[in-house]
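Hello,

Here is the structure I promised to pass on to you. Please have a look at it first, and then read my notes below.

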Amino acid sequence: MRIVAFGDSITEGRAGGITPEQNWLTLLSKKLGGDFEFFNAGVGGNSAREAMARFERDVLSRNPDVVLLEFGGNNHDPAPERKARRVSDQEFRSLLEKFKAGLPAKCQVVMITFPPIISEQHQYFPRVPGGKVDEELHPQRQIVRDFAAENGYPLLDLYKEIYPRRHELIFPDGVHLNVAGQVFFAEKVARTLESAGITSKAKWLKQIGTPGDYTFEKSFKQIKKYCFEDFDAELYLQANGPGTFQRTMMVFPKNFTGKLPAVVVPFYAPEKMLGFDPETGESLERYIGVTMMRDLARRGYACISADSYHLTYLKSDRDKEDFYRWRDAGTAVTQDHPSWTGMGKLIADTELLIDVLCEDARVDSNRIGIAGHSLGGKMAFYSGCLDPRIKVILASDFGFCWDNTNWKDIWYWGEKVELLKQLGMDHASLLGASGGKPFCLIAGEYDNDESRQLMEQAPGYAPVDERRIIYNHATGHRPPEDVLQKGYDFLDKWLKAE
């Protein structure tokens, strides 16, 4: 996972003779180990305006997974001769919006407030009315706090953390962090990354792995449109790998206005989440009762689903319903890409569906959830926990505990499950990697009270927390209608609330 620290001299961490070995980001790198790659894009003396002029070169060009953002001190340059470089509160807010808009959709942000200034030690103390050098920065510190809260970004309030110990952690210049301050800063960032689930997420991504040569041109071509009584559907052919394509279906409620909340509904094939073949109208009786895509369209959501990779990765003479296609495809994926996993392929294909929703003008990209049953529940849980674009997760009877279902099958994790167990990685830690994202588990057969107990161990949640819910109907694999509707209500709560 790649982290870029973007800021001023506090981020740069060189002022006062701090050596590279003493720098907070170096210390953080040593503390967190090899799961991260760090880049320091801090430049001393930069205001937020000056930093944004180098945003593309110093941040975006590094394709970050996480950006640590810290600014504030130089926005209020007290020197009268440099009045033109000051950044007003309104401009600062606008620059933060520009920063957010320019980031890749999957990039996570950690906001950091500017630390305290010891006003009486600052060189400009006599030149600031009342000597209130530090107080002048309070409004923009609050802007940072508010911006983090509004966007769901983790916040390290470095000002509040350091203030009680400011004389111990800040150089005599009254501004920059000394050697002890660098250590303190690194420790606080590490704790923030941990509490936000970013540290755990890096561990999971490392085990999920990455494919070898997997470059392909993105394409998304509509091939048919269907109009039904209660929703409309669009069928596409979407590139999902070098030379492979997945049939992708989007559904929309009738006669909607404005941008819609949306739900990704991963499963074996999209028509199974409708409960009928859109070409023939033939009912697919096996899937009646879990037709999530159709149900959610009726509730006013845009939805998307696609073929799973057992239908797309290999050309096969086997019938589409032949379960051995999964074994064949999973084996081929792991042979072609030894550093990848079947679970990684499922996540990659699901991310393509999230990409589509984020780029569709009919969809509100800030209100995207994910829902799935069984296999789809596995895909929903993993993609929902790991992709910051997903705001809420609904998963039905997928096997929250390792030994409750077929995680050892080659098309998921294979024998790597044993390594995950040895590393102490369970699905409570993966849920923690979501950063406390709303999650509803519908239990029935493969999920049960054992699943509830493990769920309750997930970091980032209170002991009783409305963001983490389980409905255990205990009547088998298929959820009863009333329980499924409770799951949909959970989606409504987090995607439709004003």
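In α5, the buried residues are F92, L95, L96 and F99. Here buried means under 20% relative accessible area, exposed means over 50%, and partly exposed is in between, with a 1.4 Å probe and protein chains only. These four cover an arc of only 100° around the axis, so they sit on the same side of α5. The arc is that of the directions from the helix axis to the C-beta atoms.

Before going on, please note that this is a predicted model, in which local features need pLDDT of at least 70, side-chain atom pairs count only at pLDDT 80 or more, and totals for chains, interfaces and linings use all residues. Residues are numbered from 1 along each chain as its sequence is written, and side-chain values use heavy atoms, with hydrogens and water left out. As for the element names, helices (H or I, at least four residues) and strands (E, at least two) are DSSP runs, numbered from the N terminus.

Helix α5 covers residues 89-102. Its 14 residues reach 20 Å from first C-alpha to last, close to the 20 Å expected at 1.5 Å a residue; the expected span is 1.5 Å times one less than the number of residues. What does the buried side of α5 pack against? Its partners are β1 (2-7), α3 (48-52), α4 (55-58), β3 (66-70), β4 (108-112) and α6 (138-151), where contact means heavy atoms within 4.5 Å. On the face turned away from that buried side, α5 carries the exposed residues Q90, K98 and A101.

Buried in α6 are Q140, R141, I143, V144, R145, F147 and A148. Their cover includes α5, β4, β5 (155-156) and α7 (158-162). Just after α6 comes G152, with a positive phi of about 70°.

H76 belongs to the loop between β3 and α5 and is partly exposed, at 22% relative accessible area. Leaving aside neighbours within four places in sequence, H76 touches V87, D89, E136, L137 and Q140. The C-alpha atoms of H76 and V133 are 8.9 Å apart, although 57 residues separate the two in sequence.

In α2 (residues 24-32), W24, L25, L28 and L32 are buried. They fall within an arc of 95° seen down the axis, so they line one face of the helix. These residues pack against β1, α1 (9-12), β2 (37-42), β3, α9 (179-195) and α10 (198-208).

M343, L346, I347 and T350 of α13 meet K378, M379, Y382, S383 and L386 of α14.

Most residues other than glycine have a negative phi. N63, in the loop between α4 and β3, has a positive phi near 50°, and D397, in the loop between β12 (392-396) and α15 (416-422), has one of about 45°. Are these two buried or exposed? N63 is exposed, at 52% relative accessible area, whereas D397 counts as buried, at 1%.

Best wishes
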